[in-house]
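Thanks for coming. I have one structure to go through today, and I will start with the side chains before moving to the fold.

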Amino acid sequence: MEAKWFAEKFKDAMEWGRRFYPSQEFYVVKASMPDELAKKMHYDQNLDDIGSAICVDEDSLSEIKLISIPKITRKSRKLEEC
């Protein structure tokens with residue numbers, strides 16, 4: 001993929017995970033990006049009828065700073081910090 005979508009809200013990222021990986025474990029990556037980068041990227045107010053998201057192109061991914069990676073369990077779909 002030449003770009004990566006980032007949800008603006010955790011609950012929306014969880015919904016994408018539930019829809020795209022209904023029978024698998026998945027991870028939600030919490031990250032931050034500079035405001036000036038976010039302003040340059042493509043923004044969709046209601047991507048997939050779920051919520052707002054920002055599309056970051058491959059060349060700009062290195063500017064995203066990882067904060068945490070919570071693991072979502074398959075059976076309970078509860079959040080577990082990793």
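With which residue does Arg19 form a salt bridge, and how far apart are the closest N and O atoms? The partner is Glu15, and the closest N and O atoms are 2.9 Å apart. By salt bridge I mean a side-chain nitrogen of Lys or Arg within 4 Å of a carboxyl oxygen of Asp or Glu.

Before going on, the ground rules. This is a predicted model, in which local features need pLDDT of at least 70 and side-chain atom pairs count only at pLDDT 80 or more, while totals for chains, interfaces and linings use all residues. Residues are numbered from 1 along each chain as its sequence is written, and side-chain values use heavy atoms, with hydrogens and water left out.

Back to Glu15. Arg19 and Glu15 are 4 residues apart in helix H1, so about one helical turn separates them. Helices here are DSSP runs of H or I with at least four residues, strands are runs of E with at least two, and both are numbered from the N terminus. Glu15 also meets Arg18 in a salt bridge, at 3.9 Å from N to O. Arg18 and Glu15 both lie in H1 as well, 3 residues apart. Together, Glu15, Arg18 and Arg19 form a network of salt bridges.

On accessibility, buried means under 20% relative accessible area, exposed means over 50%, and partly exposed is in between, with a 1.4 Å probe and protein chains only. Glu15 is partly exposed at 26%, Arg18 is partly exposed at 35%, and Arg19 is partly exposed at 45%.

The whole structure has 3 salt bridges. One of them joins Lys11 and Asp12, at 3.1 Å from N to O. Here Asp12 is buried, at 5% relative accessibility, whereas Lys11 is exposed, at 56%.

Now the fold. There is an open sheet of 3 strands in the order E1-E5-E4, with antiparallel pairing. Two strands count as paired if DSSP finds at least two bridges between them. Strands E1 (3–7) and E4 (42–47) are the edges, each pairing on one side only. From one strand to the next, the twist averages 30 degrees.

E4 and E5 (residues 51–57) run antiparallel and are joined by 4 bridges. Asp44, for example, has Ala53 in E5 as its bridge partner.

Finally, helix H1 (residues 10–20) lies across E1, E4 and E5, at about 80 degrees to E5. Contact means heavy atoms within 4.5 Å. Axes are lines fitted to C-alpha atoms, for helices over the stretch in contact, and angles run from 0 to 180 degrees between N-to-C directions.
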